[in-house]
Amino acid sequence: EKLVYRFGDGKADGTREMKKLLGGKGANLAEMALLGLPVPPGFTITTEVCTAFYKNAHAYPAGLSQAVEEGIAHIETVTGKTFGDAVDPLLVSVRSGARASMPGMMDTVLNLGLNDESVTGLAALTGDERFAYDSYRRFIQMYANVVLQMDHSFFEDILEECKRDRGVHLDTELTAMDWRTVINGYKGAVRNHLGTEFPHDPREQLWGATDAVFRSWMNDRSRTYRRLNRIPEDWGTAVNIQAMVFGNMGETSATGVAFTRNPSNGENQIYGEFLKNAQGEDVVAGIRTPSNLTKRSRIEMGSDAPSLEECMPETYQELIGFFERLESHYRDMQDIEFTVQEGKLWLLQTRTGKRTAKAAIKIATDLCKEGIISMEEAVMRVEPESLDQLLHPSLAPSEKNVLLTRGLPASPGAAAGSVVFTADEAEEVARDGTKIILVRDDTSPEDIHGMHAAAGIVTARGGMTSHAAVVARGMGRACVSGAGEIRFAPDRKSFTVGSAVIKKGDIITIDGSTGEVFLGEIPTIPPEMSEEFETLMNWADSLRRMGIRANAETPVDARRARAFGAEGIGLCRTEHMFFDPERILAVQEMILAETQEDRTTSLSRLLDMQRLDFYELFLVMKSYPVTIRLLDPPLHEFLPQADDDIRAVARASGVDISIVYQRIKDLNEVNPMLGHRGCRLGVTYPDIYEMQVRAILEAACDTVEKTGVSIAPEIMIPLVSVKEELTMLKARIDDIAAQVFAARGRMLDYHVGTMIELPRAALVADQIAEEAEFFSFGTNDLTQTTFGLSRDDAGAFLPAYQKAKVMPEDPFVTLDRDGVGTLMRIAAEKGRATRRSIKLGLCGEHGGDPRSIDFCEMIGLDYVSCSPYRVPVARLAAAQAAI
Ligand code: ADP
Ligand code: MG
Ligand code: MG
C-alpha cells in the first residue's frame with residue numbers, strides 16, 4: 001500500500017477525508033493544496049507507518065526509504081531546490097500530526113537540511129547572512145532537543161550569555177556574527193554532551209527527525225494528553241515533511257496564528273497574533289509577546305504594537321480572504337497557521353479551532369443562523385460535558401478587590417487558590433483538594449499534569465494562542481496569560497509585581513474572562529446564561545426524545561433543577577431529609593424506642609416534618625412528576641459511633657446508655673450494603689414506610705388544595721429483588737392511600753414503582769412489572785451488585801485496573817454497557833412485555849454522563865435523572881443521542 005502522500009502546487013494525493021491515514025495536519029494540508037491555497041509543497045508519511053513502526057520493534061516497512069526519496073524529489077521539482085545542495089539547499093520541516101489534534105504534545109523540527117556548508121549557500125543566495133545563521137541555530141537547537149534529547153536549558157544558557165555579552169535583550173537584536181558564535185557554542189554543547197558531532201548529512205538529519213516524531217507519539221506528555229482526552233493509543237501519528245518558508249527574513253516577513261472567530265467568546269471577529277521576523281515556534285512558545293492581527297483587537301487590548309492590518313495591509317487583506325474561504329469550506333471556525341516570507345503569504349496549517357464552551361455555543365448558533373449548518377449540526381457541535389464550564393460562578397465585583405496585575409483573558413472563568421510555581425508542586429498540593437493557581441513564565445507541554453491539577457493558570461509571557469492559553473481553554477481551566485509585570489525571584493519561590501511580593505502558598509484570584517489577577521480570595525457570583533445558551537438548549541429540547549429529571553431533595557435543589565430545565569424529580573432520597581441535624585434526634589428516638597407507644601410518638605413527629613418537606617417540594621415542582629424513594633439505608637447509619645455522641649444521644653432521647661449500645665450492636669452488620677436496607681426495612685418495620693407514604697399523600701392533598709394543580713406522586717420502593725416484596729408493600733401503600741383519601745375526602749392519582757438495582761430484579765423484571773408501574777434503574781447499586789464491587793472500596797484497586805487497562809473505564813462514571821447495560825436491556829424488554837406502558841428511567845450518577853445517556857437512548861428509556869447542575873449537560877447529550 002501507499003506509504004507517502006504528496007501535496008503542493010495545486011495538487012494532492014490525499015483529501016480532508018483522510019485524517020485517519022494522514023493525520024489532521026496532513027489531510028488538511030492536502031485539502032488546502034487542492035483548494036489552490038498557497039501551501040509549501042511536501043508529503044505525508046501515513047499513520048499506518050507509525051503503527052507498523054511500533055508493531056515491528058521500531059523498524060519501518062520495506063519501501064519507506066524509496067517512498068521518502070520520491071517525496072523529496074517531488075518537493076525538489078516544485079521548489080526547484082535540491083535537498084543537501086550546498087548552493088541552493090532545500091530546507092524542510094518535519095512535523096508530527098495525529099488524527100485528533102494534540103497541540104504541542106509531539107515534536108516538530110524546522111529548517112532541516114542545514115549544515116556548515118549549506119548555511120553559507122543560503123546566506124549567499126538570500127543575501128541575508130543574519131537570516132541564514134538565525135535559521136541554522138534554530139535548527140540545531142530543535143534537532144538537539146527533539147532528536148538528540150538534549151534539554152533546552154543547554155541552549156538557552158548559551159543564548160543568554162551571548163545576549164548578555166552584547167548587552168541586548170531581544171533575539172532580533174543579535175547579528176549574523178553573534179549567531180555564528182551561538183552556533184559554535186551549540187555545536188560544542190552537543191559534542192560535550194554526546195561525544196559526537198552534530199549530524200552534518202541532511203539525509204541522516206531527515207531520518208533522525210522522522211524517527212523522533214514517530215517516537216514522540218509515545219512520550220509521557222502525549223500519553224497523558226491521550227488519557228485525558230480519551231484518544232486511543234493505536235491511532236498513531238503521521239509525519240509531514242514540507243518545504244520551509246521563512247518568516248524570519250527581516251521586516252517584510254512574519255509568522256502568526258489566527259482563529260477565524262474569537263475562540264474565547266465566539267464573536268464573529270478574526271482573532272489572531274503574529275510576530276515580525278520570526279519563525280512559527282516563537283508565537284506559541286511565548287518567547288516574545290506577539291502583536292494583534294486586527295486593529296480592532298489591538299485597540300481593545302490597549303496595545304501600541306501595530307497590528308498586521310496596519311503594518312502589512314495588503315497581506316492582511318489576502319489573509320482575510322483565505323480565512324473566509326477556509327471557514328466556509330470547512331463550515332466551522334478554523335485555527336490557522338501562516339507565514340509571510342518577504343511579503344508572500346503561505347498557509348501552514350488549518351484545523352477546526354478549539355474553543356471554550358461559551359464560544360462553541362455562540363459559534364454553533366451563529367453558523368446555524370447564517371444558514372451554514374443545520375439545527376441538528378449546531379446541537380451536535382457543542383460538547384455536552386463542556387457546558388459545565390458555563391454553570392460556574394464568576395467574580396463578584398467590589399470596591400475592595402485588590403488588583404494585583406493584568407494579563408490577557410486567555411481562558412474564561414474565575415478561580416482562587418494558593419500559588420504554586422511548578423507543575424509537580426501543583427499536582428502534589430492539589431492532591432488533597434486544595435485549590436491552587438499555577439504561576440509560570442510560560443507553560444510547555446511538560447506542564448499539562450500540573451495544569452490539570454490547577455484551578456487556574458497565570459503566565460508572565462505568551463499570548464492568547466500560547467500553549468498555556470490553548471491547553472487551559474481545552475481543559476476548561478481559567479487562565480491569564482502574558483501578565484508581563486510578573487517578575488520571578490531567582491529561587492522561583494516567589495514573584496513580585498511592583499512592590500508586592502507573592503510567595504508560594506499565598507492566595508490569589510484570577511479572572512480568565514478579563515485577564516485580571518487579584519490579591520486574596522474574592523467571592524463569586526452565580527453564572528448568567530447567555531441568550532445563545534437558551535437558544536441552543538431549546539433546539540436540543542426540540543430534538544430529544546428522553547425526558548430529563550433531577551435528583552433533588554430540598555426546595556433549593558428543586559428550584560435550581562427547574563431553572564436548569566429539569567422536567568421533574570427522578571429521585572428524592574428521603575433519608576437525606578432524616579440526616580438534617582434538627583431531625584436526626586427524632587429518627588434516633590424512633591430507632592431506640594422500646595415500646596410501640598414511644599415509637600408511634602416519634603414517628604408522628606417525623607410525619608409532620610416529612611409532610612412539610614414533600615409539600616414544599618410539590619409546590620416547587622407543581623405538575624411536574626416527583627419520584628420519592630422510601631427509606632433506603634440501614635438504620636445503624638442514623639446512630640452515632642463515637643462514645644461522646646452515644647452519650648449525648650442517650651441523654652437527649654432519655655434512654656439508658658446501655659440500651660443505645662445494645663441497639664447499635666443489634667443493628668451492626670458485617671456487610672451493610674447487602675444487609676438490612678431498602679425494602680427489607682419496609683417489610684420488617686412497616687410503620688416507617690407507612691409514615692412516609694402517609695406524609696407523601698397528605699402533602700399531595702395539601703398541595704392540590706392550596707394550588708389547584710393536579711399532582712400524581714410516584715412512590716418508589718428501593719432494593720426489590722423478588723416480586724413478593726413489592727406485592728406486600730404495594731398492598732400496604734394502597735391501604736394507607738385509601739385511609740388518607742377517605743379522611744381528606746378527595747382522590748388523587750399516585751403510582752407505585754421500583755428501583756431496579758439488583759441483578760435478580762433485572763432478570764425477573766417481567767414478574768416485578770406485574771406490580772410496578774415504573775422502573776427506575778439505580779445504576780450506582782446495580783453496578784456495585786453486578787460487578788460485586790463496592791464503590792467505597794474500589795479506590796484501592798480500580799486505579800491500578802484502569803492503568804493496566806484491565807478495566808479502562810471507571811464503571812461508576814460511565815455505564816458498563818456489556819454487563820450492567822445488558823441487565824438494563826433485559827429488564828426494559830421484560831418490563832414492557834408485561835406492562836406495555838411501563839415508565840422507564842435511570843437515576844444513578846450515570847444520568848449526567850453523556851456516554852451513558854447515549855446508551856439510555858439506545859434502549860429506549862423514557863427519562864434520565866441527574867444532579868441539578870448536570871441537567872443542561874443531560875439535555876444536550878439526550879438530544880445528541882437522539883439525532
Ligand atoms: P504543532 O503541531 O506543535 O503546531 P507544527 O508542525 O504545526 O507543530 O509546527 C510548529 C510551528 O512551525 C508552527 O508555527 C508552524 O507554522 C511552523 N512550521 C511548520 N512547518 C513549517 C514550514 N515548512 N515552514 C515554515 N514554518 C513551519
Ligand atoms: Mg501547528
Ligand atoms: Mg440504591
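Predicted model: local features only at pLDDT ≥ 70, side-chain atom pairs only at ≥ 80, totals over all residues.
Good morning. Let me begin with a definition: a residue is called buried if 20 or more other C-beta atoms lie within 10 Å of its own, exposed if 12 or fewer do, and partly exposed in between.

First, a word on confidence. The mean pLDDT of the protein chain is 93, and 99% of its residues reach 70 or more. For the complex, the predictor gives an ipTM of 0.96 and a pTM of 0.81.

Now to Gly-484. This residue sits in the loop that joins strand E20 (478-481) to strand E21 (487-488). Is Gly-484 buried, exposed or partly exposed? Within 10 Å there are 16 other C-beta atoms, so Gly-484 is partly exposed. If we set aside neighbours within four places in sequence, Gly-484 is in contact with Thr-289 and Ala-460. As for Ser-297, it is 187 residues away from Gly-484 in sequence, and the two C-alpha atoms are 18 Å apart in space.

Let us turn to the ligand. Which residues are closest to ligand 1? They are Ser-93, Arg-95, Thr-108, Gly-280 and Glu-337, in a shell of 16 residues. By class, that shell comprises six nonpolar, seven polar and three charged residues.

Where does the shell come from? Domain 1 (4-243) and domain 2 (254-355) each contribute at least three residues. Five strands each supply at least two residues: E6 (92-98), E7 (108-112), E8 (237-243), E12 (334-341) and E13 (344-352).

Thank you for your attention.

Note on methods
Residues numbered from 1 in each chain as written. Chains lettered and ligands numbered in written order. Near = placed C-beta within 6 Å. Helix = DSSP H or I, 4+ residues; strand = E, 2+ residues; numbered from the N terminus. Nonpolar A, V, L, I, M, F, W, Y, C, P; charged D, E, K, R; others polar. Domains from an automatic or database assignment. Contact = placed C-beta atoms within 7 Å. pLDDT = per-residue confidence, 0-100.
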